[in-house]
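Trainee: Could you take me through one loop of this chain slowly, and then show what else the fold contains?

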Amino acid sequence: MKEDRQQLQWVTREASRCLFCYEAPCKEACPSRVDVPQFIRMLRWGDIKGAKRVIKRDNCLGGICAYVCPSEELCEKHCTFRKLGDPIPIARLQKFACDNAEYSGYEVLTDKVNKKIAIVGAGPAGLSCAHELRLLGYQLEMFEQEKFLGGTVTREIPNFKVPNEVIDRDFRELCTEEIMIHHGVSVSREFIENVLSAQFDAVFLGMGLAQARRAQVAGENLRGQYDAETFLKMVKEGQIGKLLGVCVTVGGGNTAMDCARTALRLGAIRSIVSYRRSRREMPADEAEFIKAMKEGVEFLWQTEPSTLNGSGELQAITLARTEPSGECGQDRRSFSAVSGTDFIYPANAVIWSLGKDRNSMLNDVAVACQGTVDKETLRIGSSKFFAGGDCISSRQTVVEAVAQGKRAARSMHAYLSAR
Ligand SMILES: Cc1cc2nc3c(=O)[nH]c(=O)nc-3n(C[C@H](O)[C@H](O)[C@H](O)COP(=O)(O)OP(=O)(O)OC[C@H]3O[C@@H](n4cnc5c(N)ncnc54)[C@H](O)[C@@H]3O)c2cc1C
Ligand code: SF4
């Protein structure tokens, strides 16, 4: 009770600091254009339900985003108050609103539109697109290869970042009634050509990235190693409950930080990240790196694995030092292993976090449609195909995927209305 009162006082105090900027830079910096000043104004006067309504109107997965958004790089980075002091804690205010109010306020257009749309992939992009189109009265069918909704959010983002109940609540609050969801269907190129193209008026492709890249080093068959995707999925499903000894994560992105932090939570006595470039080139967000460091993750910069050692079970990893060997674009130097610098490090588990490739199916569709994805409309050439989310983005975040799903839905509506 006392805690609730204190939290409410904190919310009111922080909300009262907001300047309610007219051309709010926080809103501009949000890919999904959440009307931040509007929801903060409501919070300030105690209208928590109203605040949540605004958030959900602009970002249908606003509850999840309040937990996982890199807000320090988006809305909070651009907050006007930054010039006067600490920025308004927008993500925490959004979290408060979404966690403390129920929401079921959608009004679906009752005049159903007699047009059928197919959505491939039920990740944040597909769900957001489906939600928007459903509100407009379209008939929808979703095709998802997994048994669950949510894509990477459900499968891989660790629970210490966003609890399951927050994910479930956002999905429950989506407008998915009357959407036919075909789980366990892996859509192929032939299915797109023969079924989706022939039977639907428009198709949205939101199938995310391809499988994780595999490492190619000696000893890759030893037990005790995982690719990041499988590791995080197994942890979320309870198939890995503890990790003993030393865990080495290879890679330098946000996913590598998640794996290394997860390893510590599973009981690893040391969790070490080996990255082939220097700290300067590491692609992980600063905030993610700092969280990992504060929790005790160690870093071996400029090291590259050459061999996994052990017999049956993994016991150690052989790493080589690397040094810069030229430019490789995007302001990043490339690094190569220096011969004769190998050293052996004890390791009971190795997690490969080498990134994922682009989904080649999108490319196939684009070639068949003789067009590319238009950055504004997200339409592929002048076809009935649209795409969004990780399968087309360079900045892969939940909020970006939601924003693109929403944008594609509006473009599809414009396209279908004009026919
Ligand atoms: C470990 C990890 C941590 C992350 N942490 C964060 C974070 O803290 N904050 C943040 O904002 N973002 C984070 N992200 C990124 C975020 O999860 C993605 O940007 C977002 O999920 C992309 O949504 P999407 O819908 O485009 O793709 P996905 O979430 O990948 O969903 C695609 C869906 O399509 C389905 N699919 C694929 N191919 C087919 C097919 N052929 N047929 C049928 N279905 C298919 C998949 O099963 C999946 O359900 C993280 C990602 C990872 C891997
Ligand atoms: S930029 Fe900062 S001060 Fe201005 S409306 Fe947004 S949160 Fe409030």
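Mentor: Serine 71 sits in the loop between α5 (62-68) and α6 (90-99). Helices (H or I, at least four residues) and strands (E, at least two) are DSSP runs, numbered from the N terminus. The model is predicted: local features need pLDDT of at least 70 and side-chain atom pairs 80 or more, while totals for chains, interfaces and linings use all residues. Residues are numbered from 1 along each chain as its sequence is written, and chains are lettered from A and ligands numbered from 1 in the order written.

Is serine 71 buried or exposed? It counts as buried because it has 23 C-beta neighbours inside 10 Å; the cut-offs are 20 or more for buried, 12 or fewer for exposed, and partly exposed in between, with C-beta atoms placed from the backbone. Leaving aside neighbours within four places in sequence, serine 71 is in contact (C-beta atoms within 7 Å) with Glu76, Ile90 and Ala91. Phenylalanine 81 is 10 residues from serine 71 along the chain, and the C-alpha atoms of the two are separated by 15 Å.

Now place the loop in the whole chain. The domain assignment (automatic or from a database) gives domain 1 as 2-99, domain 2 as 116-210 + 357-417, and domain 3 as 225-352. Between the C-alpha centres of domain 1 and domain 3 there are 35 Å.

Ligand 2 comes next. Its shell holds 15 residues (C-beta within 6 Å), and the closest are Cys18, Cys21, Cys26, Pro37 and Cys79. Two helices, α2 (25-29) and α3 (36-44), each supply at least two residues of this shell. The largest share, 3 residues, comes from α3.

Ligand 1 is surrounded by 36 residues, and the closest of them are Gly121, Gly123, Gly151, Gly208 and Gly389. Elements that give two or more residues to the shell around ligand 1 are α7 (124-135), β2 (139-144), α8 (152-155), α12 (254-265) and α15. Domain 2 and domain 3 each contribute at least three residues to the shell around ligand 1.

The strand β2 also belongs to an open sheet of 5 strands. Their order is β3-β2-β1-β4-β14, with parallel pairing; two strands pair if DSSP finds at least two bridges between them. The edges are β3 (180-183) and β14 (385-387), each of which pairs on one side only.

Look at β4 in more detail. On one side, 4 bridges join β1 to β4, and the two run parallel. Isoleucine 119 stands opposite phenylalanine 204 in β4. To β14, strand β4 (residues 202-205) is joined by 3 bridges, and this pair also runs parallel.

Which way do the residues of β4 point? Ala202 and Phe204 point one way, Val203 and Leu205 the other way. In a regular strand the side chains alternate between the two faces of the sheet.

How values were computed:
Contact = placed C-beta atoms within 7 Å.
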